[in-house]
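Subject: Structure handed over, with notes

Dear colleague,

Please find below the structure that I promised to pass on to you. Have a look at it first, and then read the notes that follow.

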Amino acid sequence: MGNEKIKTSRRKFLKSAGTLAGVTIAFQWLKSSQVLLFATEPKDENLPWYGIVIDIEKCIGCGSCARSCKEENDVPEEPFFFRNWVEQYTVKNDGSVDIVSPNGGIDGFVQRVPDEDIFKSFFVPKMCNHCAKSPCIQVCPVGATYDSPEGVVLIDEKYCIGCRYCVQACPYGCRFIHPVKKVANKCTLCYHRLKKNLAPACMEVCPTGARMYGNLRDKNSDLVKFLKEHTTQVLRPNLNTGAKLYYNALSSEVR
Amino acid sequence: MDPHYQHLYNILAHSQGYIFPNEIDLQWGILIVVYPFITGLVAGAFILASLERVFKVKILKPTYQIALLTALSFLLVATMPLISHLSQPQRAYEIMITPHSSSAMAIFGFVYLWYLMVVLLLEIWFDYRHSMVVWSNEKTGVMKWVYKILTLGVSDISPRTLKWDRKLGYIITVVGIPSAFILHGYVGFIFGSIKANPWWSTPLMPIIFLFSAMVSGISMVMLIYMIISYFRKKTIELNVLDSIGKFLFFVLILDFTLEGLDQIQRIYEAEESFEIIKLLVSSKLYLTLFVSQGLIGTIIPLITLAFLQFYKHQIKLKKTMYFIIGILVLIGVYSMRWNVVIGGQLFSKSFSGFTSFKVGLIGLDGTLMAAFWLLLPFGILAFLLWLLPPWKMVEEDSEE
Amino acid sequence: MKFYIPPQLTRLALAFAIFISLFLVLRHFLVPDTFGQYGHYRGASLIDNALPEIHYAGQEACFECHQDIQDLKAQDVHSSIHCETCHGPGQKHVTSGEAADILKPTGREFCGRCHTMNAARQKNAVFQVDLNKHNIGKNCIECHNPHQPWEMKK
């Protein structure tokens, strides 16, 4: 009788100890993989870690960036697909905000609101933010979109199944389904140009120098110097996307 | 001009306010409304079946096999709306071979396989095995071999083996309940985890999806039970209907409460997206939300069910009332899927405008395709009922 | 103690074992070779994304032949503007050398894209002109050399 009691209690002890040990080990393993699950860490220290700055004070809304992007990257001319585009915000004296982007800004802008009604007005170029904690990468079911070792978010056109989950997940509206290729498409920071040490097309043609790109790791780069000397913001900081597109002089009306 | 572009120019002309240029076309159309509706029916029908098996609600016995076969018919069709909606359907297998562990959608392939093979097929197999062995001995010709194959060559029907059938079936059913929750809950999570879309992003989403799934599944089984009894010229047992009605009533109350809570919290907190969502609900979604989902799909069935629960005297039209309630509830749940999927894409992520949505009739993403995927399960069910008729099963001597 | 394993269970275990092995074998052949090299994606895709042809050559390429224009442009307010901002993609012209392979834009609307009056344009960012009043009917480059805009032509 007594023997059985001791056996059961020993068994119970071993069971609970084993469970505790197992759970602790599992939790440690889970914890370490959790960190990697949602954030991309820059792996290779020798490669650049690309970031972008757009200076709203300098943008004149000429649309050269949007225009050159379509020409460089084989995007159809129709006004429904844009890797990058320009918006015009007009805050009126009555407090309402008028936002337009006619054909993405490619043909320039015509002022629609008369001067006397305008409180302030400005242009905001938009493009892929190349997020470090990108929600679009997180939701892709097959691994067709990813963060390159240089921090550029890219799409594998041969692997994408066209489920459109990434288009839904991007808070900035920068992804679309290419009408001919029938896979997801978006700004690649002209990766094919970066690899040849050429600037992205939009940066090449901006006449006022409102767009900058560079290596966030290089403390001496113009980009990092600009970030140090100006007050910059990202879009939708509350969503914690790790966006690497920093805007200078971003006004609170912009989404 | 390319007709697709013509269609987009039309939508552009109808868009209101400011939308991001890429948002002109809705990404997820009617097929993505149909998919959660179908998996919801699967989960709901299975939960009803498990009420009989696990929770021993004896009155529901006549609906047990019907519920399982209904779940199977819809589950077999469930992947099709998804695959036909992909713009590269021939690559659909990639989800099975390189699933991305951080993506809720990637779970789909494995949850589906698990539920189909380990839960549903096994439960049906354990339940029908005895009868299938008997039928394989009775029948001749092709059917003999069909049943033999279905038994996987196991012809042992000794009492000890039959006891194991019941035991294993019970275990599978118990495992099946959380599996059904995951099968449909993850669909809710697919929407609920998208922080970019405030109409979708809420922790309540998987639970709301699940409860409306249960509501739709229970209604569907009730309707099918009535239709089958009608065709077989058997009397529809009123106490079965009353019992199903009782479960439907309580689950519908829970569903209504959860969805109401989601909206009340949204209205109270009134955070950034509230202005545009208020416009969405009052203009674009008015008919489908307040009239179709709310009034027709929830309020009227709730009041009628409450009446039927508490009014103890005989009512001549009771069976007709249950039938109508079943249909209204299904309309309501379908509208709920529409409101979530389509509603979430009608407003811009700039929170400053709307696009518009017109469902095409033909094409892989059109109404006809959606109708086909919705009707096909009934055809499959008819076939299954012919192949595995519940009323011709071998009578078990001992009940548990 | 005799261990009874129900026959249906063993048959099922066999069926599942076959199914799972088939799946694993199929998977081995279907997963692309470079998948997982750098992360959860096809490693070869990095090469695919680096392959597309460039259309904009970058103004260094222009200066190799057009040194004179570079010198002219450097003296005036358009000095910071790259050639292809106005002339469009130039890689084709760099390869072929044909004048027809690059844009030579004219027209008031073209210059107006940058220079039209617009309240959203900062006054110090670009010189703005009311195109409805300024020399209507005339082409901008009739008076302004685009590479040296403040040197008026006679």
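Predicted model: local features only at pLDDT ≥ 70, side-chain atom pairs only at ≥ 80, totals over all residues.

For its 400 residues a compact globule would have a radius of gyration near 21 Å, and since chain B has 23 Å, the two agree. Along the principal axes, the C-alpha atoms of chain B fill a box of roughly 70 × 55 × 35 Å. Chain B contains 14 helices and two strands, and 46% of its 400 residues count as buried. If you take the contacts in chain B with a separation of 6 or more, 79% of them are accounted for by residues 24 or more positions apart.

Next comes chain A, in which four strands form an open sheet in the order β9-β1-β11-β10, with mixed pairing. The strands β9 (211-215) and β10 (232-233) of chain A stand at the edges, and because each has a single partner strand, one side of each is left without a neighbour in the sheet. Strand β1 (residues 50-55) of chain A pairs with β9(A) in the antiparallel sense over five bridges, and A:Ile54 stands opposite A:Arg211 in β9(A). Helix α7 (residues 222-229) of chain A packs on this sheet, where it touches β1, β9, β10 and β11 (245-248) of chain A, and its direction makes about 110° with that of β9(A).

Chain A also touches both of the other chains mentioned here, beginning with chain B, in a contact that takes 41 residues from chain A and 34 residues from chain B. On the side of chain A that touches chain B, at least two residues each are supplied by α1 (2-38), β3 (97-100), α3 (135-139), α4 (165-169) and β7 (176-177) of chain A, and the largest share, four residues, comes from α4(A). This side divides into 29 nonpolar, seven polar and five charged residues.

Turning to chain C, 41 residues of chain A are in contact with 33 residues of chain C. The elements of chain A that give two or more residues to this side are α2 (64-73), β4 (118-126), α5 (191-194) and α6 (201-205), and the residues of the side of chain A that touches chain C divide into 16 nonpolar, 14 polar and eleven charged.

With best wishes

Notes
Residues numbered from 1 in each chain as written. Chains lettered and ligands numbered in written order. Contact = placed C-beta atoms within 7 Å. Nonpolar A, V, L, I, M, F, W, Y, C, P; charged D, E, K, R; others polar. Pairing = 2+ DSSP bridges. Axes fitted to C-alpha atoms, helices over the stretch in contact; angles between N-to-C directions. Rg over C-alpha atoms; globule rule 2.2 N^0.38 Å. Buried ≥ 20, exposed ≤ 12 C-beta atoms within 10 Å, placed from the backbone.
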